[in-house]
Amino acid sequence: MGYLLLAALLVAVLYIITIYNTLVAKKNRIENGFAQIQVQLKRRYDLIPGLVQTVKGYMECEQDTLEAVIQARNEASGALAQIKDAMKNREGIKNLSKKEQRFVNQLDRVEFLMEAYPELKANESVLRLMEELGSTENRIAFARQAFNDFVYSFNAYRQSFPQNLLAAKFGFDRDASMLAFDDSKLIQQMPAASL
Amino acid sequence: MNFFEAQENARRDTWQLVILFLLAVGGLVLVSTLFVSWFYVTFITHDSVPFTLERYLSSQVTYGTGLVILVVVGIGTLYQHLSLAKGGKNVAETLGGRQLNPNTATKEERRLLNVVEEMAIASGISTPMIYLLEDKSINAFAAGLTIDDAVIGITRGAVEKLERDELQGVIAHEFSHIFNGDMRLNMHLAATLHGIVLIGLIGEFIMRHLGRNGGANGRKSGGNNLIILGLGLYVIGYVGLFFGSLIKAAVSRKREYLADATAVQYTRFPAGIAGALKKILYYQSTIHSPSASTYSHFYFSQGVSSIFATHPPLEERIRRIDRKWDGKIPAYENPVEKRTFGEKTENGEEQRRFLQGAVAAAVLSVGSVEEDGVQKAHEAIAGVDKMLQEKLSEPLGVQAAILMLFYQEAYREELFASVKQKSPYLLLEFANLLSKESEVYKKEAVLILTLALYTLKNLSVEQYRIFDSLMQTFVDIDSKVSMYEWSLIYIIRRNMETYFGERKVPRQLKHSHIGAVKNELELIFSMLIHDQHGGDEAASSAFDEVMHTIGAGALKYRYSDKISHEMFEHAMKEIEVVKPGVAKRVFEGILYSVKSDQMVTPDENLFVHAVALLLQVPLPREFSWQSN
C-alpha cells in the first residue's frame, strides 16, 4: 500500500514537472516567434537600398518617390533598432508599427510605379529582387501567423485542466496576447480607390 | 477546411491505430508462446493429460518461451532500427538527390529555397537541407528522424510545374511530417514488423532444415513434429506481418491527412495544396513517368491505392481540403508551351546540350575548345536516342548507364546483387536500362561517357564513392581487366577525381627520353597490335612494320603469353610520368599501333581517348565523339 502511494506521488510530481516544462517551452516559442518577425522586418529593410539602386537608372522621373521610400525605410529601420525587450515595450512597438505602415505605403507606391516600366520586368536582377521582396513579405506574414499560432497554443494549454490550476502558481498568470495590426480597422472597411 | 479540428481527428485516429498495433503485437507474442509450449508439452514431454489454460499459466515452459519470443522480437526490432536509422541526408543521397546551394541556385531553385524558408518560419522549425531530384514527376519527400537531421527532397518536375502557392503547399506538407515526427513513427512500426517477421523466418528455417534433417536421421516422427512447429511459427509470423502491415499502412494514411491539414495551417491557403494535388492527378493520368513509381513509398503522393497504400487516394485528400470540390480537374496546359518563357525553357534544353558539348570537347580533346568541336559534339549528342539522353541527364540514370557499359551478361546475378546491396534505387534504374541491347551502347561508349561526365559531377563525394566502388566491382567480376574496361574507368576516375580535388598528382615527370620507357612501350604496342592480327606471327611482322614507320626499330615484339595485365597497368603508370616532348612521341606510336590494321574499332577509339587524357596531349580529329 505504501509503495503504491509512493508510486502515485512520483507520477504526480513527474506530471507537474511536465506541465511546467511545457508552459516554459510554449512561452519561449512565442518569444522566438516575435523575434522572428523582427528578423524578417529587418530583412526587408535591407533589401530596399539594393532595389532602389537597381531601378534608379530606369525611373528617372520618380526620384522623389525613391527618396521618400528610402527615407521611410531609414525611419522604420531606426525604430526597429531601438526596440529592446520587445515583449514588454509597448511604446516602442507602437512607434515601429506607425513607421512600418508609412514605409509599406511608400513601397507600394514604388511597386505600383514600376508597373509602368516594362523594361524593368525584363531585367534579371530586378526580377530576382522582386522575388526576394515578395518572399520576405510572405515571411513577415508567416512569422506573424506563426506568432499568433504559438499564442493560441500557449493559451489553449494554459486554460485547460489541470494546467489552469497550476499555471498561475508557476508565474504564467496571464494569457499571451495576439498581435494586433494597425490595419485591422482597414481590413473591415471597403477598399477605397484613391490614387 | 477546419484544419485544427482535422488535425485533432487525425492525431486521435493515429493513436487508436498505434494502440491497436501494440495490442496486435502483444497478442502475437502471446499466441506464439502458447503455441510453442503446447508443442513442447505434446511432442517433447508426451504428456497425456489434457492441456488447460490453467496449466499453461502455471507452467515454467510458458514463461520461458514467452521470454525467448520477446527477446527474438526485440532483437529483430533492434536490428531493423539500426539499419533504418539513417540520417535524412543519407536517404536523399541514395535517391540521387543533389543538395541545393543558395549561392548557385537558378531562378526557380531560388524560389524553392525562399518557399522553404517561408515555411520554416510558419512552422517554427529550423530550415532543413533541400535536395533536388532530377525527375519529371511532381513529388517530394521528407526524411530524417529528428528535426535537426531532417531533409526535404523535391523533384525537378514539382519545381517547374507547380505555381508558387502550390509549391508552398507541398513544402508545408513535408514540414508537417518533420514537425509531427512521422518518419520516426513509421520507422518504429516498420522495425517492430521486422521483429514479427523474424518469428516467421525462424519457422521457415525450422521447416526447411531441421525438419528434413530429423527425417534423414531416421527419427521420422521427430522430423515431422518439428515441421509442425516450423509451420505454426511460419503461419503466426506471416499472419502477424499481414495484419501489422495493414495497420501500419492505415497509420501512414492518417499521417498524410494530418500533414495536409497542417499544411493548410501553415499556409492558411487551402487552394495551394489542393491545386498541387490536382496537378499531380492531372499529370498522373496524362504523363506516365516510369521512374516515378521507383520512389513511391515515402513520397508526397503515391500512384496506386490499395489497402496497403501508404497514401490515401488523391481525390479523397483533395475533397478533405476543399469540401466543395466538384471532382473536376482544370485542364493544365503543358507548362512549357503555355508560358511566355516557354521558348526559353526549350532554349535551356538546347543550352544544356551545348554545355554538355563544351564539356565534352574540353574533356576529350584535352587541348583548347574549338567552336566547331563544340558544334560537332552538339550534333552527336542530338543523335543519341531520346531515352538514353534523358537517363544521362539525371544522377541515378547516368550511374545506371555507365554501369551498363561495364556489364557482362555472364555475371548477371552477382552484378545485380552487388548493385542491390550498394544502392537499391540504382538497381531499379539499372534493370530498366538493361532491357535494351547494352552491346549496342558499348560501341558508343566514348559518346555516352562524354555526356555522362557532365551529369556525374552533380553527385556528392559520398555518392560518387559508392558509385566508384560499384564500378570497381563490375570491372573485377571476371578477375581480368580488358583494355576497354581500363580505358573506361580511367577516363571516369581521372575526370571525377580531378573534379573532387582527390586526384593524386603523379610524382614529378621523370622520363625525359624515350629510351627510359622502352620496355613499357614494347609491351603496350605489342598488346595493341596483337589484338588486331590473329596470332603472334602476323602481329610480329606488323609490329616491325609499325616500328619502322615511326623510327623506333630498336623495339622488339613481345609474345602475348609473356604479357600479364599487371604489367600493362604498370606500363601505363610509367608512361604517365614522361615529359611532354616524349609524351608526343609515345602518343604517336600508340596511334600508329592502333591503326596497324588500317581501321579503328570502338574499343581502340576509347583507348586512344584515355591515353590522350593520360598523356595530356591533343586528340587528332579523326578520333571523334562517335565511333565509326
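**Close-up views of chain B**

**View 1. Chain B as a whole.** Of the contacts in chain B between residues at least 6 apart in sequence, 76% join residues at least 24 apart; two residues are in contact if their C-beta atoms, placed from the backbone, lie within 7 Å. The model is predicted, local features need pLDDT of at least 70, side-chain atom pairs count only at pLDDT 80 or more, and totals for chains, interfaces and linings use all residues. Residues are numbered from 1 along each chain as its sequence is written, while chains are lettered from A and ligands numbered from 1 in the order in which they are written. Chain B has 27 helices and 4 strands (DSSP runs numbered from the N terminus: helices H or I, at least four residues; strands E, at least two).

**View 2. Helices H23(B) and H26(B).** The axes of H23 (residues 518-532) and H26 (residues 580-594) of chain B come within 8 Å and cross at roughly 20 degrees (axes are lines fitted to C-alpha atoms, for helices over the stretch in contact, with angles from 0 to 180 degrees between N-to-C directions). Leu521(B), Ile524(B), Phe525(B), Leu528(B) and Ile529(B) of H23(B) meet residues of H26(B), including Val586(B) and Ile590(B).

**View 3. Helix H27(B).** Of the 14 residues of H27(B), 11 are buried (20 or more other C-beta atoms within 10 Å of the residue's own, C-beta atoms being placed from the backbone). Among them are Phe607(B), Val611(B) and Leu614(B). After H27(B) comes Gln616(B), with a positive phi near 55 degrees.

Terms used. A residue is buried if 20 or more other C-beta atoms lie within 10 Å of its own, exposed if 12 or fewer, and partly exposed in between; C-beta atoms are placed from the backbone.
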